[in-house]
Structures are given as C-alpha cells and as structure tokens.
Amino acid sequence: MVWPIDLAVLTLVVMVAIGSLMVKDLLGAAILFGAYSFMMCLLWTVMGAVDVAFTEASVGAGVSTVFFVGAVFRTSRRTRD
Amino acid sequence: MADIVSTVVANYNYWIYITLMMIGLYAIIAKNNLVKKIVGMNIFQTAIILFYVSIGVKKGATIPILEHAHGGHGYGVVHAAEYANPLPHVLMLTAIVVGVATLGVALALAIRVYNEYNTLEEDEILAQIREE
Amino acid sequence: MKIIGLIVAVLTGGLLVYAAEDFPAWSDPASPASTYLSPHFIEKTIEETSVPNIVTAVLADYRGFDTMFETTVIFSAGVAVFLLLRTSGPKTQQTRLYRHQLTGVTLRIKEGADLPPSDNFERIDRFWTPHDLIIKTVCRLLIPFIQLFGLYVIAHGHHSPGGGFQGGVILGASIILLAISHDLRTAVKRVAEKMDAVLCAIGVLIYAGTGALCLLLGLNFLDYKALAPVLHVDSIMARSHGILIVEIGVGIAVMFTMIWIYNNVSSGGKYNQGL
Amino acid sequence: MSSQYPALIVAVPLLAGLLVFIAGWVNKKWCFPIAVAALGISAYSSIGLLFRVINEGVIVYKMGGWDPPMGIAYYVDHLNGLVLVVVSVVAFLNAIASKRSIEDEFPDNIGAFYSLYVLMVTGLLGIVVTGDAFNLYVLLEIAALTGYGLIAMGGGRGPLSALNYLYMGTIGACFYLLGIGYLYIMTGSLNMVDIARILPDLYQSKAVMAAFIICMVGVWIKMAFFPLHAWLPNAYTYAPSASSSLVAPLVTKVMIYVMIRLILTVFTPEFSFNILAVSQPIVWLAVIAIVMGALLALKERNLKKMLTYIIVAEVGYMVGGAWLGNRVGMTGAILHIVNDALMTLCVFMAVGNIVYKVKGADFEDLQGLFRKMPFTMGAFVVGAMSMIGVPPTCGFFSKWYLISGAIQAGHYGFMVALVFSSLVNVVLFFRIFEICYYEPFSDDHGHGDEHGHHPEPAMDEAPVTMLVPLFVIAVILVLVGLYTGDIVNQIIDVAIPKGLV
C-alpha cells in the first residue's frame, strides 16, 4: 500500500462526491458519479481488494453510469440544486 | 517518520469514510431533486463499502489469491498473515450488487414519477399534489 | 429539510467518530477480524475446495447461500423495473423517422402511413442521430473481444480476480454498447425481450437448482459434495466444479438482467428508442 | 425429509418465484397454482418445523454443510418458529384471496407480479429463519426491493411514495449493514450466536455501543417507528390491495422480530437493558408513537390510510413492550407480533374486498356496505374488535400482557398510552361501522326510508375465493385468542431467555 497515492485518491474521492452533488446538471452529476466510482475502485485496488475493485469498475463506473445517463435522458437534465 | 505518516493516513481513511457517509446522508435528506437523492444514496452505500474494505486491510499482506496457482499442487503451507482478509471482500461484492439493483429500481421509479408530474423537483411535485 | 439533513448527518458522523476510537489499529494483523475467521478461509480453502482465489471460494461455497440471494436481488430488481416501466397501455403508433442509407435523406412517416418501397431505409430515433460510421464500426470490432473477455472472467474466476458477477456485467455491457453505438432496436433484435427475461430467471434457476439438486441427492442445500457421484470426481473437486456451475448461473442471470434493466430504463419502458 | 424443512421453507418459494416468472411468459394459467403450491409447502414446512422445535428444541441447519461460524447456518428456535408460521400462513391466505384482484389489475403481467410476491415472501421468511447477521441484510434487501415494486404498482401517487420508501428503506438497510460492520470489526464474526458468545468481553466498548445504536436506528426506520414513520402511510395507502395486504401485515412485524432477535440473541438482554440505560427514553418514544399514531388516524377520511396510521401506533405497542425490560412485556410484544400480523391481514383483506367492489376506500364510498357486503363486513368487524382488544379475539390478550408488563415495570405512561389508543380505536372503528350501516341518500329513492320492509337483494358480495380466506383468518383470530395460554406457555415462554425476569 503506497500512502501518497492513497492520500491523493481519498481527497479526490471526497471532491468528486461533493462535485457530483453540487453540479447543476444531472448529466454532469451522472458522469461525475462515474468518476467517483472509478476513484473508489482505484482505492480498493490499492487496499488489495481486487475482486471488489473489479466489480466496482464494471458496475459502478460502467453500468451504473449508463443507467444514470439513460434515466436522465428519459426525464430531464434540469435540476435546481 | 514513516510511522507517523502511516497513522495519519490510517486515521484519514476512517475520516474519509465518515465524511462520505455524512455527505451521502445529507444529500438523501436535504436535496430537492429526486435523481440527486439517488446519487446521494449511492455515495452513502459506497462509503459503507469503503469501511468494510478497510477492515480487510492487513499490513504486509497481499491480495487474497493463493500464489503458484497454476501447478495444481505445490502450494506448500499457506500462512494466513501473508494474505488480506477475504471475508469483507466477499460481503462487499454482495453489497455492490445490492447497490446496483437498488439503483435500477430507484431510477425506474424516478422515470415513473417524471411521467406523472413532468418534473423531478420534490417541492414542485408536492405543490402539484396539493393543488389536486 | 436542509437543517434536518445537516443535523442528522452531523449526529451520525459524531457517533461514528466517537466509536472509531475503540477500533483496532488500522491494518493491524492482530485485529479480531483478521485473526478469528479469516485464517481458516485463507489456510483451508485450497484443501477444502481446491480453488486458489479465496474470494471466489468464500463467495460461492462457504457463503454461497448469500450469493444465491444476491443473484435473486438482481433478478427481482429486473422484474421490478420491468413491472414498473413496461406499461401495458395502448401501443400508439408514433411518428417514425427513416433515413435513406445512400443519400442520408431523412423521411418523417406520420401515423399509419407507409414507407416508400425500398430496402435502403433504416429506422432512426426521433432525436437527431448523425450517421456515425466510425463509432459503429469500432464498436462492432470491439464487441466480440469484450464478450470473449467476459467469458474469460467467468471461466477463470477460480484463479484470478473475477467470477460470474463481473463477467456477467461485462457481457451485459457488450450488448449495452451495441445498443448505444447503433440503436436499441438493433440490440433488441439480437436479444429479444422474452429471451432476455426468461434467461434472467434461468440463470438464477441454475444456482438455486444446483442447491436443490444437492438437497435431493441427500446432503444439505448447496452442499456441492453431493454432486461428486454425478460429476465423477472426488468430493473436493466436486466443490470446485459446483462453484463453476453456480458462477455460470450468476453470469447468465447478471448479463441478461443488466441488458433488461438498461432496455427498460433507457427507453422508458417503450422499447422504441434508447439512448 | 423433515430434517430438510428449514431449507425447504426458503428454497421452495425461491424456485417457485423463478418458475412463476417463466410461466408468465409461457402460459399464464400456471402462475397462480405454482405460487400457491409453493406458499402452501412453505406454510406446511414451517408448521411442521414449529412442532419439531417444541418437541426437540433448537434446530440448526448448515447451509452447504459448513459449520456455523465459517458458513451460514439456520437456527430455528421457538421465537422464529412461531414467526415463520405466521409469515407463511399470512402469505398463503393472502395469495388465495388476492387472485381475482391481481388478475383484474394486472392482466398482462401476472407472472411478474406473482414472481415479486413470492420472492418477497422468500425474503421475509429468510430474514426470520437465518442465523447469520449478513445474510439477514441480503434478505432484507430482497424483501425491500420486491416491496418497492409491489407498492409502486398502485399508479397515481404510488411511484412517488414507493420512491420515498426506497430512500428511507435504503438508509435503514445501510445503517443495519454498518452496525454489522462495527460488530464484525470488534468480534471478527458474522454468526449471531457466535457474536453473542464473544461480545460479553466487549460490553464496555464504545464501538459495540455504537453498533447497537446504529442497528437499532436502521431497524426502526424499516419498521416505521414514530419519528421515522413518514414513509409508511402513503406507501401502504397507494399500493394495490393485493400488495398492501401482504406488505402491511408482514414487513413491520418481521422488522420487530429482527429487533427482538438483536436484543435477545445478539446483544443479550443483560447488555440491552442493564448496561445501556436507554430503555426509558425508548419506551417514552413508543408512548409518543402510540399517541401520535392514534391522533393522526383520527384525522384521516380514507379507510386504508386510517389503518396505516393504526399500524404506526401498533409498532409503538411492540417496541414499547419489548423495551419495558421485563418478561411479561417481552411476552406481550412477541404475542402481539403474531396477533397484529393476523388482525392487520384480516382488516386489509376486508378493505381489499371493499376496494374490489366499490373501487375506493374513502369514507363516502363506504355507505351502505353492511347491506351490500355483509360477509366481508362481518369479518371486518371481527378484525376491528381484535384491534380494539375485545376479549374473545386475540388482540385483547396481547394488550393484556403489554399492560401488565407496563404495570410491572412501573411505567404508567405506557399503560395510559395503550388504554388511550384502544379508546381511539373504538372511536375509529365505530365511526366506520356507523358510516357503513347507513344507506347512501342519493342512491335511489326505494329503500332509504322504509326499513323493515323486504329489503331488496342489493347484496353485491365479493367472489368466494376472496371470502373464504377472509373467514379463515377471522376464525383464526378467535382461535388464537382462545389458545393464547398454550402459545404463551409452550412457545413464547421458552423463547425468552431465562435471564430476563
């Protein structure tokens, strides 16, 4: 486990999480959420949980984001917060 | 020096998981947009997964896959200290799956709500219900 | 709401920080979690199940019962999404758009009207879609390799990271990629709705059926040892093979559920056009 | 075969849930028989299991043949044996009763609907029977996800209330998961009995205390305990009647079972009541829950919504009874799980029949129902009497135990709240009876004034398939009331650990 990577990724995770909740566009939120999942996946790889990271990469960063984009596409991108 | 840094990093890990959980929880309760709430819900779930994975970390241990796997035999004696704790990983695989299943249903419900009220903002929906 | 949310979040966070004080030191090899159950898993897995990837062994055998319900969770999510979105309302024929493949001319066909007799028309989504040859060709090239990798991940889950769930998601993603790069109708032509739905159930059925078979053969539910006489192997290899069988079941279930949920969510349940 | 009962209880509905779904695409006629047969086998196995438990004691079933702390094991003791019977019988009766309304409301999706229905029962049965803390979480999510789907089928405000339920339910389940994580980090085990064995050394640890609080809050959200109840009334009101009569009797009760299981088995009463000094505030919360539930029910002008607020109050009964910290209160709480599940099923089934015929449950729709649907209303009266707590019905006995427990604990606030809530129930239900008794004015001018004259055959009763299960449940209500002594002595008394006096 390499601590500078860990530290950097942990900080980024929080920033992306806040970003995906703050951005005033649902499509942007969906993409940032994908980035968040990918950061998490990196973090778990660093921690040695390869299977979990693999799953998160395929599910969280992949399919979940597609679901989000699909749902946003069927509804609206508009959000007030 | 390395010790101090590693303890800071270690604590940092727990802090981050608690921070993420608070962010997620706040978003579910306070956000007005239904899809934003779903994003918050997922952040909340992921934070808990981060917590569990942190339990499984072991100093000086490698990933939980036994080495020399392709020979069929010749594993010798396996020392538990050499491999990370696999149990939290298993549990969290399940939790991730549950997370994506919940996400699917939540998005389907959000689409239904949108078809009904033509908006995703909670206060606008409540205003429409009150008018009826 | 904002204030309530803030209070709840801060209270929860406070409680968690307060409790974190008593945790064993982080990444401590002597913590209870690392010394109580996990040594058994790490040291005995290869003897008892002959699977080097401990996570796979614990997932599909020691805690296989959890995994069966995990697959059921995915399946019930698929059914719930289907039930919620695939409404049985009257199928109104909407205005359809067709593009002439050679010239790129787009025709708008009103309700009930027919297309000019020609084979060169392709139906396109109502939202403007450019004629994107590069994307379509690249994706067509990539998809077989993605699927091959998905199969590898399922089959090689015993020795490397991966397994039924990850492989299933990758296989599902390949079809979703087809739906995104071309359109939903192309993907639905490959994986029809009925086949999709039935295969979801069959995937879970393979898992639960393996468990029930073990029960019928005289041992406990999901005790793969019972399969040894059927598979003509010793009882430890039977566990290894049993894990493979259920991983395949998980793979099928997850793959088709992912496609199914995507189809329903991206088309709003109408199946006429996707992303 | 009887040694395999614990596996059959869960595996048969699971397989049936999948087969029903496939049958829905092949031939819709098979859906109902498969679903009912599976639920029947499940009910039969659980009754058989309860008798075996009474005769032989705790039954341990090892999933996959692995020994408990390594693998997952089912522990069937007197407590969950009893709850299993209730859950499977309620699901079985409701499946028969709701056949017609499911076929009417979802003619195209019978297979998918039954599949969700049976899978939800699988989840609930699994929650009750499992002895593994994490397995419980997975099953919790199955029951929850299928529940969201079933509730949202109501149309109108259904999806919105289901979405709110989903947010709250996910928070609840995640809290539970987090609590289990805290226990796991401290003990290294996930098996409930095993955790209970390790915990006594750690009773002073802050992490264990936090684990307890987090688990409790998670379970309370799921069971709609008072300040966290906001999702329940809308979700249950706007659900289709086939789902609401499954969800309303079972989900909250199963969650209360989980709470009692956590108190009694995982954390032991010693820790819950003595080391953590939180019983008093929780019982006071329960008092507020009961009073608020009763008052909010008074305000409603829709029968179904009124009943959902009564459920909120009933949750208060059981939480309060369990947290009184004495044997009598705990007995009352466990007995009330059984009784409340049965009587909620009875009234919700009756409401289902009314909605089936009248197409609405607002108070204005109910006029003249005693003439129109005498049998349904007869069963409804039995259910209502039980909810009020009139002696021959079972509701009286659990209330009796709860009140005695409150007196024994010296907690008069809880006693007053129970009595107050019973009185409010009297008002609520007699108001319904009054509305149902009088004929609507504007119907036609024939039979409003000349009572006593040969009443016209205006009877418009629900079909037989809906009436028979309703009668069965009404009879069961009285029978359980008459056999309360046996249930308490032979089952509940053994289920509560000796340490709790």
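The expected span of a helix is 1.5 Å times one less than its number of residues, and helices (H or I, at least four residues) and strands (E, at least two) are DSSP runs numbered from the N terminus. This is a predicted model, in which local features need pLDDT of at least 70, side-chain atom pairs count only at pLDDT 80 or more, and totals for chains, interfaces and linings use all residues. Residues are numbered from 1 along each chain as its sequence is written, while chains are lettered from A and ligands numbered from 1 in the order in which they are written.

Helix α14 of chain D covers residues 303-323, 21 residues in total. From first C-alpha to last it reaches 31 Å, close to the expected 30 Å. α14(D) is mostly covered, with 21 of its 21 residues buried (20 or more other C-beta atoms within 10 Å of a residue's own, C-beta atoms being placed from the backbone). After α14(D) comes Gly325(D), which has a positive phi near 85°.

Chains C and D meet through 48 residues of chain C and 51 of chain D, where contact means C-beta atoms, placed from the backbone, within 7 Å. On the chain D side, the elements that each supply at least two residues include α1 (5-26), β1 (59-62) and α7 (158-187). α6(D) gives the largest share, 11 residues. This side divides into 33 nonpolar, 14 polar and four charged residues; Ala, Val, Leu, Ile, Met, Phe, Trp, Tyr, Cys and Pro count as nonpolar, Asp, Glu, Lys and Arg as charged, and the others, Gly among them, as polar.

The contact between chains A and B takes 35 residues from chain A and 42 from chain B. In chain A, α1 (3-22), α2 (26-47) and α3 (50-74) each supply at least two residues of the side touching chain B, and α3(A) provides the largest share, 12 residues.

Methods. Two residues are in contact if their C-beta atoms, placed from the backbone, lie within 7 Å. A residue is buried if 20 or more other C-beta atoms lie within 10 Å of its own, exposed if 12 or fewer, and partly exposed in between; C-beta atoms are placed from the backbone.
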